[in-house]
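Please read the following model with the sequence and the coordinates side by side.

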Amino acid sequence: VKLVGVLPVAVQKFEHYIDLQGKVDAEDISYISPRMGPAQVKAIFVKQGQFVKKGQLLLKLDDAIMRQSVTAAKQQLEGIKTQLSYAKNIYGRQKNLWDQGIGTEVQLIAAKTNVTGLENQLSAAGEQVKTLEAQLNTSNVYSDVTGIADIVAIRVGETFSGMTATGPQIKIVNTNALKVVVNVPENYSTRMHNGSPVLVNVPDAKKVNLSTSISLISQSVDPTMRGFTAEAKIPTSPELKPNQTAVMRIRDYSADKAIVIPVNMVQTDEKGKYVFIMIKGSNGKATAKKVTVLLGEIYGESVEIKSGLTGGEQLITEGYQGLYEGQSVSTGTK
């Protein structure tokens with residue numbers, strides 16, 4: 001008689017997850033860049049780690065040439081206004097003479113045409129001033145989002161271009177909306193979808209089993225990584241920071257009533273997979289019975305049994321190595 005240990009086979013809920021390592025990221029990350037191209041920095045109004053609001057002034061760039069252009073355009077505008085005033089005066093005098101029958105119609109038309117032409121020039125000059133003033137305002141660099149100045153790698157006198165070979169010169173991160181991003185191998189493409197349940201673990205922040213769901217799945221496979229991107233939003237927390245390592249557990253299978261046993265109980269022979277259960281005969285003696293089983297999903301140390309077991313059997317979990325069909329067994333208890 002061989003001494004064995006047994007465990008009742010139970011019907012329980014079984015879930016299968018795909019465990020993937022990714023990183024915490026922010027929904028709103030802004031890499032600040034100049035609107036009119038690289039320029040020399042004249043003043044900096046932000047420090048690394050500082051909280052900034054959307055629209056807040058960050059940098060002042062060199063605007064000497066643009067200021068000269070605006071000044072020249074305004075002077076030209078004033079000159080056209082003076083010419084227009086003089087032309088209107090001439091036209092008024094010419095019209096008075098024409099009303100009295102003095103002068104020619106050609107003189108009147110010429111005076112009117114001169115006024116119209118100067119009015120058009122004035123309008124164009126006004127638009128030119130507005131355009132130059134708008135260009136002048138581009139020397140002021142503002143924040144596109146509200147958040148923390150995560151990177152400020154620029155000094156007065158240096159050229160601000162937004163992005164360099166070493167990375168962004170100014171990076172604003174809004175940590176009010178966080179997500180976890182992972183690269184999913186392409187063979188899992190049919191096993192998940194938007195809304196699939198997810199558990200997120202961020203070990204460094206001591207955040208365990210944050211319950212969420214997939215919010216985005218990319219539509220293409222990266223040719224280098226041979227995978228696609230999946231994202232899941234997570235609640236914001238002071239302990240969570242962008243680029244922290246995170247583990248995303250994506251649930252791709254669930255069964256409410258499943259036969260689940262430890263996976264190491266399953267053995268293999270030339271006919272397939274099998275387990276041993278303990279049965280008692282009419283004489284009260286216990287023997288080992290070999291049961292062929294069909295496996296379902298495997299996750300962790302558990303496996304789902306699709307057929308062969310129905311629940312309630314006494315699964316032999318200790319001493320099953322070397323057992324044979326019909327061998328007498330005992331649990332050591334009466």
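Asn140 lies in strand β7, where strands (E, at least two residues) and helices (H or I, at least four residues) are DSSP runs numbered from the N terminus. In this predicted model, local features need pLDDT of at least 70 and side-chain atom pairs count only at pLDDT 80 or more, whereas totals for chains, interfaces and linings use all residues. Residues are numbered from 1 along each chain as its sequence is written, and side-chain values use heavy atoms, with hydrogens and water left out. Is Asn140 buried or exposed? Asn140 has a relative accessible area of 14% and is therefore buried, given that buried means under 20% relative accessible area, exposed over 50%, and partly exposed in between, with a 1.4 Å probe and protein chains only. Leaving aside neighbours within four places in sequence, Asn140 is in contact with Arg35, Leu57, Leu59 and Lys60, contact being heavy atoms within 4.5 Å.

The strand that holds Asn140 belongs to an open sheet of four strands, ordered β7-β6-β4-β9 and paired in the antiparallel sense. Because β7 (140-142) and β9 (159-160) stand at the edges with a single partner strand each, one side of each is left without a neighbour in the sheet. Two strands are said to pair if DSSP finds at least two bridges between them. Strands of a sheet pair through backbone hydrogen bonds, either parallel or antiparallel. Within this sheet, β4 (residues 39-44) and β6 (residues 57-61) are joined in the antiparallel sense by three bridges; Val41 has Leu61 in β6 as its bridge partner, and Ala43 has Lys60 in β6. Strand β4 also pairs with β9, again antiparallel, over two bridges, and here the bridge partner of Gln40 is Thr159 in β9.

The loop between β4 and β5 contains Gln48, which is exposed, with a relative accessible area of 56%. Not counting residues up to four places away in sequence, Gln48 touches Ala149, Asp150, Ile151 and Val152. From Gln48 to Leu61 the separation is 13 residues in sequence and 19 Å in space, C-alpha to C-alpha.

Further pairing involves strand β8 (residues 147-152), which meets strand β5 (residues 51-52) in the antiparallel sense over two bridges, with Phe51 standing opposite Ile148 in β8. Strand β8 is also joined by four bridges to strand β12 (residues 170-185), and these two run antiparallel; there, Ala149 stands opposite Ile172 in β12.

We turn next to the helices. With its 36 residues, α1 should span 52 Å at 1.5 Å a residue, and its end C-alpha atoms are 53 Å apart, which agrees; the expected span is taken as 1.5 Å times one less than the number of residues. Helix α2 (residues 105-137) has 33 residues and reaches 48 Å from its first C-alpha to its last, close to the 48 Å expected. The buried residues of α1 are Val70, Ala73, Leu77, Ile80, Leu84, Ala87 and Gln94, and they pack against α2. On the other helix, the buried residues are Leu108, Ala111, Val115, Leu118, Ala125, Val129, Leu132 and Leu136, and what covers them includes α1 (64-99). Just after α1, Gly101 takes a positive phi of about 85 degrees.

A search of the whole structure finds three aromatic pairs. One of them is formed by Tyr274 and Phe276, whose rings have their centres 5.7 Å apart and their planes at 85 degrees, so the pair is edge-to-face. Rings of Phe, Tyr and Trp (its six-membered ring) pair if their centres lie within 6.5 Å, with planes under 30 degrees apart counted as stacked, over 60 as edge-to-face and the rest as tilted. Both Tyr274 and Phe276 are buried.

Finally, the chain as a whole has two helices and 23 strands. Its radius of gyration is 40 Å, whereas a compact globule of 334 residues would have one near 20 Å; the radius is taken over C-alpha atoms, and the globule rule is 2.2 Å times the number of residues to the power 0.38. Along its principal axes, the C-alpha trace spans about 140 × 45 × 30 Å. Buried residues make up 36% of the 334 residues. Among contacts between residues at least 6 apart in sequence, 72% join residues at least 24 apart.
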